Amino acid sequence: MQPSSNKPRLTFWQLWNMSFGFLGIQFGFALQNANISRIFSTLGADPENLAFLWLAAPVTGLLVQPVIGYLSDNTWHPFWGRRRPFFFAGAVLASLALFLLPNCGALWAAAALLWLLDGSINVSMEPFRAFVGDKLGPAQQTAGFAMQTFFIGWGGVIASLLPTIFSDVLGVSNVPVNGAIPDTVRYSFYIGGAVYLVSVMWTVFTAKEAPPENLEAFRAERARGKGLAHAMAEILSGFAKMPKTMVQLAFVQFFTWIALFAMWIYTTSAIAENVFGTTDAQSAAFQEAGNHVGVMFAVYGGVSALAAFILPWFARLTSRKIVHMTCLAIGGASLISIFTIHNLNLLFVPMIGVGIAWASILTMPYAILAGALPASRMGYYMGVFNFFIVIPQICSGLLLGFITKHFFNGHPVMTLMLGGASMVLAGVLTLFVKDSAAAAAKDAGIKAAA
């Protein structure tokens, strides 16, 4: 792989092509985040069990991410390259899961397909993060992650709106019949599966990868290291060698993702109870709340897409730490405010704040981290870094249901407030992260984005 200083500067359209696959990846995530609790509830899940059922997603990530990162670091194919084989395999499997999941008639089957969906998304996504470090020098890295955030934002907007478009524009039924998933959700997942596959294939066939700088030495080293035992030993040894910046960011990520997981699990139930006055998942009002949550999530996705290219300017004027702290504080306060809102239209206001936070969450930690990682292990450490996304989700899955039932008397809107407080704490912890001011200014990528 080329040293960072020798990497060619990419054009806007090259950045576009290498990031376009994230449009499909976010279709998968957005459909999952906005609709899985709705699907589980429709199939008969109790509200206190929702967080536990969601455990499939983070547990899959915990198992998949570092392994895929390690494997992609140690892969080279003359046609497929280093990361693109994993883009392709993940896209095929995720698209299959998106087609199958909304046709489930049993709760256990939906939970099993969530394992497949989330695992497949991770197979595609983790190499995409390392792709930026592979192809871009320090001056363009923030621009590269911002471009990914742009596609993540717009993918989230479109995917989150699909059930509402089907019901309100196309007249498709939004009511579950005999306990089945509504047609609006099923058709949305079908479109999501197609978009996922096509957009990732676009990146696979339009973005090129440079071979390792010394290909023969690379192959010889990998040949010596063959074997499952050696691979697992190398994967585990990396935990003790994490860069200091990565350890500090881990605490920020932990409390950030507790907040996000609480939001994804409980917003539908919270809005159904707090605004629509129902807890019956089979009712038309509950399904209408589910559609409205999709629109709310589209708002925060759209805001993040716009903010993705604005935040680097603020980082240049201040620092990446200050930007990330401010955005997390805004997002946390916005989540807390949902408790006080009982008007449907006003619910879009806190989603603006969440969108600002989401843009920073997808950009700043990775931009800070990329400069602290060894190029030869970029994929592996990006995978390990995502441990600090999935571990808080696992903790949330095990604890939030209990907390909601026994501490909040079954009111999920209170759990959203807890998530908001956790995000504010993450913002405070950002101040303790070591990030060179000179590197941050260089990495802001303002000229690259232009």
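Which residues form one aromatic cluster with Phe12 and Trp13? Keep in mind that the model on your screen is predicted, and begin by selecting Phe12, Trp13, Trp16, Phe20, Phe150, Phe151 and Trp202, which together make up that cluster.

Stay with the aromatic residues for the next stop. The count of aromatic pairs comes to 26, and one of them is formed by Trp54 and Phe261, whose rings sit edge-to-face with 5.6 Å from centre to centre and 90° between the planes. This pair links distant parts of the chain, since Trp54 lies in the loop between α3 (50–53) and α4 (56–73), while Phe261 belongs to helix α11 (residues 244–274), 207 residues apart. Both Trp54 and Phe261 are buried.

Now select Phe40, which, leaving aside its neighbours within four places in sequence, is in contact with Trp54 and also with Ala45, Leu50, Leu53, Leu107, Ala110, Ala111 and Leu114.

From there, widen the view to the largest nonpolar core, which has 111 residues, and in which Phe40 is among those with the most contacts, along with Ile25, Ile39, Met263, Trp264, Phe297 and Trp358. Helix α11 gives the most to this core, with 16 residues. Domain 1 (10–224) and domain 2 (225–449) both contribute residues, so the core lies between them. A second, separate core of seven residues includes Leu311, Ala315, Val323 and Met364.

Finish on Thr245, which is found in helix α11. Is Thr245 buried or exposed? Thr245 has a relative accessible area of 10%, and because buried means under 20%, Thr245 counts as buried. The side chain of Thr245 reaches the backbone oxygen of Lys434 at 3.2 Å, and, not counting residues up to four places away in sequence, Thr245 touches Ile368, Ala372, Val433 and Lys434.

Terms used
Residues numbered from 1 in each chain as written. Predicted model: local features only at pLDDT ≥ 70, side-chain atom pairs only at ≥ 80, totals over all residues. Heavy atoms only, no water. Phe/Tyr/Trp six-rings, centres within 6.5 Å; stacked < 30°, edge-to-face > 60°. Helix = DSSP H or I, 4+ residues; strand = E, 2+ residues; numbered from the N terminus. Buried < 20%, exposed > 50% of the residue type's maximum accessible area, 1.4 Å probe, protein only. Polar contact = N/O pair within 3.5 Å; in protein donor to acceptor, adjacent residues only side chain to side chain. Contact = heavy atoms within 4.5 Å. Core = buried A, V, L, I, M, F, W, Y, C linked by side-chain atoms within 4.5 Å. Domains from an automatic or database assignment.
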